[in-house]
Amino acid sequence: GSTGATLLLNNGRQVDLRVQKPEAYGAMLQYFTGSKNHNIKLRSYAQTHGLSLNEYGIKEVKTGKMDEFSSEEAFYKALKMAYIPPELREDKGEIEVALKSSEAFQGKLGGLPKLVELSDIKGDLHMHTDYDFPASHDIGASPVKEHLDKAVRFGYEYIGVSDHNPSMSTLSKKQIISVMEKRKEWYEQQFYSWKERVKKRVHLFIMCEVDILPDGKLALPEEAFAYVDAVIISLHSSFTQARAMITKRILAGLTAHPKVRIFGHPTGRLLTKREGVDANWPEIFAVCKRHDIALEINAYPDRLDLPDDLVYEAREAGVRFCINTDSHVIDQMDVMRYGVSVARRGWATKHDIVNCLGYNEFKDWLLPA
């Protein structure tokens with residue numbers, strides 16, 4: 001047709017294409033931007049006020065008069081409510097909040113949260129470098145100096161290197177401690193060498209991603225914690241444990257050591273490959289809140305974990321988050337925007353995200369006295 005087409009892609013996905021004149025583009029954009037539940041609630045509200053909504057605009061049912069809108073902001077303003085960003089359109093109370101906003105007539109956010117932006121991110125704390133050592137899982141492919149260079153380009157104030165813990169199956173406790181000591185020395189040397197050459201104010205935190213073992217213990221000897229600033233704890237095995245058992249396991253990991261500051265990709269899901277673990281999330285959120293441990297929003301496209309619905313619930317419980325890329329090659333630092341998108345869908349603001357803090361404030365959080 002002259003204003004639309006349906007395309008079937010080679011991968012089997014269907015794409016609907018719509019064309020609209022500029023004057024009515026805002027109405028069409030809102031109409032085709034989910035979610036279904038949001039649009040149903042919005043249309044029900046409009047009907048109670050004698051209005052009908054469609055992709056062409058807002059029509060007065062009694063007179064048949066159709067008003068067109070070139071922007072979504074103008075569309076919501078005509079309904080006497082604050083503009084609702086697309087990520088919030090899930091019928092989770094956003095319409096009611098927008099209607100109650102005292103500034104709705106000016107089209108401002110009012111009572112709705114000012115969602116986090118990519119430009120708010122001040123650092124990335126979960127990255128794997130090419131430092132070669134007997135790790136428990138895969139190592140990265142890019143030198144730490146490249147990560148630091150990219151951090152400068154992104155305007156970051158700090159980054160964290162979080163290689164996996166040394167392999168417990170191939171190394172003794174004494175060997176693991178030695179590996180961690182040498183790792184710290186190597187990173188410090190690399191950082192000071194880079195800083196002397198580049199003379200930029202990007203700070204480096206030496207961290208480690210540590211497995212939560214099936215029994216809840218952490219895969220790092222107590223003495224080895226002396227060689228890291230902080231750790232990210234993560235599930236990498238035994239994903240099918242019963243709900244009570246895996247919840248107990250996670251809680252044990254969260255409280256195992258004061259340097260546990262981030263719970264990495266919490267559900268352990270891999271999109272299209274593995275479901276997330278079945279855990280008692282309210283209980284986990286309560287412990288994270290009590291100890292001010294951040295839940296990771298892993299930006300890697302195969303994970304996007306914590307999922308947006310759990311981000312929403314955790315935020316309601318007062319938990320904070322850390323958006324990280326979990327990058328294994330330098331180009332994967334670019335995926336941060338996907339983590340930000342997940343955070344936005346969970347109603348998160350920059351005040352909910354610890355790596356939106358400037359260096360001094362973040363350091364105080366990461367390294368509590």
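## Salt bridges of K150

D334 is partly exposed, with a relative accessible area of 31% (buried means under 20%, exposed over 50%, partly exposed in between, with a 1.4 Å probe and protein chains only). The side chain of D334 meets that of K150 in a salt bridge, 3.0 Å from N to O (a side-chain nitrogen of Lys or Arg within 4 Å of a carboxyl oxygen of Asp or Glu). This pair links distant parts of the chain, 184 residues apart: K150 in helix α5 and D334 in the loop between β12 and α10. Helices (H or I, at least four residues) and strands (E, at least two) are DSSP runs, numbered from the N terminus.

K150 also forms a salt bridge with D331, with the closest N and O atoms 4.0 Å apart. K150 is buried at 7% relative accessibility, whereas D331 is exposed at 53%.

## Basis of the model

This is a predicted model, in which local features need pLDDT of at least 70 and side-chain atom pairs count only at pLDDT 80 or more, while totals for chains, interfaces and linings use all residues. Residues are numbered from 1 along each chain as its sequence is written, and side-chain values use heavy atoms, leaving out hydrogens and water.

## Further salt bridges

The whole structure contains 20 salt bridges. One of them joins D163 and R183, with 3.8 Å between the closest N and O atoms. Both D163 and R183 are buried. A network of salt bridges links K41, D91 and E96.

## Parallel strands

Strands β9 (residues 230-234) and β10 (residues 260-263) pair in the parallel sense over three bridges; pairing requires at least two bridges found by DSSP. I232 has I262 in β10 as its bridge partner, and I262 stands opposite A294 in β11.
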